[in-house]
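This briefing is for a reader who is new to the structure shown below.

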Amino acid sequence: MLALNIENLSVVFPGLSSPALAIGHLSIAAGSRVAITGASGSGKSTFVNIVAGLERTRQGRIRWNGEDIAGFSESRRDRFRAANIGLVMQEFHLFPGLSALENVLLPARFAGAATADIIERAHALLSTVGLSRPGQKIETMSRGEMQRVAIGRALLRKPGVIIADEPTASLDAESGEAVGDLILDLAIAEGSTLIVVSHDQRLASRLDRCITFGSGRISEDSTATAGEAA
Amino acid sequence: MIRFILSDLRRLWAGSLVVVLLVALATALGVSVVLQERALRLGSARAADKFDLVIGAGGSETQLVLSSVFLQPSPLPLMRGEVLGKLAADPRVDWAAPIGFGDSFSGYPIVGTTTMLAQNLSGGLIEGKIFAREGEAVIGSAVKLSLGGEIKPMHGLPEEGGETHIELVYHIAGRLRPTGTAWDRAILVPIQAVWHIHGLAAEEHAEEGAESEHEHEAASGTGTAEHGHEHEEAGEHHDGHEHHGKLDPDAALDESWTADAPGLPAILVKPKTIADAYKLRQEYRSGNTVAVFPGEVLTNLYATLGDAKQILVAVASGAQALVAASLVLVTVIHIGQRRRQIGALRAFGAPRGAIFGIVWLEFFFLVAVGIGLGFALGYAAALLLSDMFSETSGITMPVVFAREDAGLAAVLLAFATVLAALPAVLAYRQSPAQALRA
């Protein structure tokens, strides 16, 4: 379970006058469940890339439980992400030709982390997300099933935080709803901090807190209201 | 990891196949050049091994070897016939056989020689017997004629517009064992018959020397040594006038070499010992004759051929460089197409080193398979070329790998190692966020 603390973050892309993302201060408590919303180009994706360590920032501090990943080298950020952050994306980024189980295990195998325990957990996770055939080839699955495999992959190494970037946007309403429920339930069950970027109002409304981005800045933060509602 | 590579290759099978084929063809080109050159060298050396010492009239040593060992048709200067008699009587000589060229049949060279050579060339016959009369012939193992068949000698080669001799028709009496030399395609006939056909018997040429002169200048290597040569005796069993126009195919062979035998282009000599070989070479090197060890002449020839090989190797290397360049292009495009995949792997926690490794391994695997296939293809191509060459020349060309080929393979693999690192580095340097955006 990880807490996020951002200070003086400013992400500037070459050729753009205003920063793509500028956050003076933001804290997300460990174990909280936060929705990030906002129009396209409001800086949501940049936010995900920065906090997940996929992109480097020159200015500001991004602390996960006190560790500033902005100061990490590329390889160290990769290691940190592999161990602590579970990513679920709009595109599933699964590998055809491999089975559901192999896809879940692939990043861990690359990192040399696929121990017997992890393999056992992969089986357990697949049944948790409702897939009964771990050996099924990924290309034979429906999109909803594929996203379930991706969720299993994200949770494999018991990450302290789950970051989901539009996890339901490429699914139909029914399977989108099921996937949204699954992510929420699993984050609670695993005790992970959850950050969900979504247009999906229904999904966003079920989280503790909703942060809205506009033009690269936080335009609204609903901590108080969500807190009252809870 | 291996399963990931395999499923990836299965997915990108067409591109992978192209990479493998490109590498295979470029490798095959280089390998076949090397193998073929070696086959030519080994084949000709083995062909020359059968002949210890060749003696001819003064002139080009190389030409003497090419004509006598490889039966390349070309006019040779003649030496006096008495040399043969001297050699035959020499105690250091196991056997000595004259050879005379000039005629052909169906593209096979007809070589006039003696029973001595026919007996010793291949160590026996597969079928039939050695010629015993003037109208009989023995064929090499690769001559596609059958026993008892007729051979109508043609002066020169068909492509030179040679005329067919009407004086004599040979009948095939026997077939030699294979020797792996150009002689497998030869038709061996009694040299006495060749002389008679060309009107050159010892006793005849006083009368007909002037007449026959134009003939042996044209293409024949056989002819009179000296027109002024005096001989006191007309042969015991021949009357030249009788045989003029029509020869007696049943005439017996006379292989007692008198001093007045007609001029000879070359004599093959089998010395009794190596020491004898050197002594004989020394002795027959002076004056009007040259004596050569074919192997030694070939060695000199290879020194020249070596340069040609260098050029071929350079051309093959150039082709390989082109392929390498196109492979670089293929990989850069390939990595471009796989950016998202690589970005995703990293986003989900695969370390950069592992991605470098997998991209490297995958590409190296393709190139290595290509190199392996290239060696097989090159070997097959060399075998095919050797077969074709053997078909026309009779010389067996052994296609064999040597230890230095492992060096070539090592160099190619080392190159593949470096080449495969390029896409791997490209993949390594990509930012995952950028890759996923693409």
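**A buried glycine and the model around it**

B:Gly263 sits in the loop between helix 8 (240–243) and strand 10 (266–271) of chain B. The model is predicted, and the average pLDDT of chain A is 89.

**Confidence in chain A**

- In chain A, 97% of the residues have a pLDDT of at least 70.
- Confidence in chain A is highest in strand 8 (residues 193–197), at a mean of 95, and lowest in helix 8 (residues 223–229), at a mean of 47.
- The pLDDT is below 50 over residues 224–230 of chain A, and this stretch has four contacts in the model beyond near neighbours in sequence.

**Chain B as a whole**

- Chain B has 438 residues, of which 44% are buried.
- Its secondary structure consists of 14 helices and 11 strands.
- Of the contacts in chain B between residues at least 6 apart in sequence, 81% are between residues at least 24 apart.
- B:Gly263 and B:Ser16 lie 67 Å apart, C-alpha to C-alpha, with a sequence separation of 247 residues.

**Where the chains touch**

- Chain A contributes 21 residues to the contact and chain B contributes 19 residues.
- On the side of chain A that touches chain B, helix 2 (74–84) and helix 3 (100–110) of chain A each provide at least two residues.
- That side of chain A is made up of 10 nonpolar, seven charged and four polar residues.

**Helix 3 of chain A**

- Helix 3 of chain A is largely enclosed by the rest of the structure, because 10 of its 11 residues are buried.
- The buried residues of helix 3 of chain A include A:Ala100, A:Glu102, A:Asn103, A:Pro107 and A:Phe110.
- A:Gly112 follows helix 3 of chain A and has a positive phi, near 70°.

**Sheets and strands of chain A**

- Four strands of chain A make an open antiparallel sheet in the order 2-1-4-5.
- Strand 2 (21–28) and strand 5 (67–68) of chain A are at the edges; each has a single partner strand, so one side of each lacks a neighbour in the sheet.
- Strand 4 (residues 59–64) and strand 5 of chain A run antiparallel and are joined by two bridges, with A:Trp64 opposite A:Glu67 in strand 5 of chain A.
- Helix 1 (residues 44–51) of chain A packs on this sheet and touches strand 1 (4–11), strand 2 and strand 4 of chain A; the directions of helix 1 and strand 1 of chain A make an angle of about 120°.
- Strand 6 and strand 7 (residues 161–165) of chain A are paired in the parallel sense by four bridges, and A:Leu87 has A:Ile163 in strand 7 of chain A as its bridge partner.
- From strand 6 (residues 85–88) of chain A, A:Ile85 and A:Leu87 point one way, A:Gly86 and A:Val88 point the other way, and all are buried.

**The nonpolar core**

- The largest nonpolar core has 178 residues, and A:Ile163, A:Ile183, A:Val196, B:Ala137, B:Ile187 and B:Ile267 have the most contacts inside it.
- Helix 2 (residues 13–49) of chain B supplies the largest share of this core, 15 residues.
- Leaving out residues up to four places away in sequence, B:Ala137 touches residues including B:Phe131, B:Ile151, B:Tyr170, B:Ile187 and B:Val189.

Methods. Residues numbered from 1 in each chain as written. Chains lettered and ligands numbered in written order. Predicted model: local features only at pLDDT ≥ 70, side-chain atom pairs only at ≥ 80, totals over all residues. pLDDT = per-residue confidence, 0-100. Contact = placed C-beta atoms within 7 Å. Buried ≥ 20, exposed ≤ 12 C-beta atoms within 10 Å, placed from the backbone. Nonpolar A, V, L, I, M, F, W, Y, C, P; charged D, E, K, R; others polar. Pairing = 2+ DSSP bridges. Axes fitted to C-alpha atoms, helices over the stretch in contact; angles between N-to-C directions. Core = buried A, V, L, I, M, F, W, Y, C linked by C-beta atoms within 7 Å.
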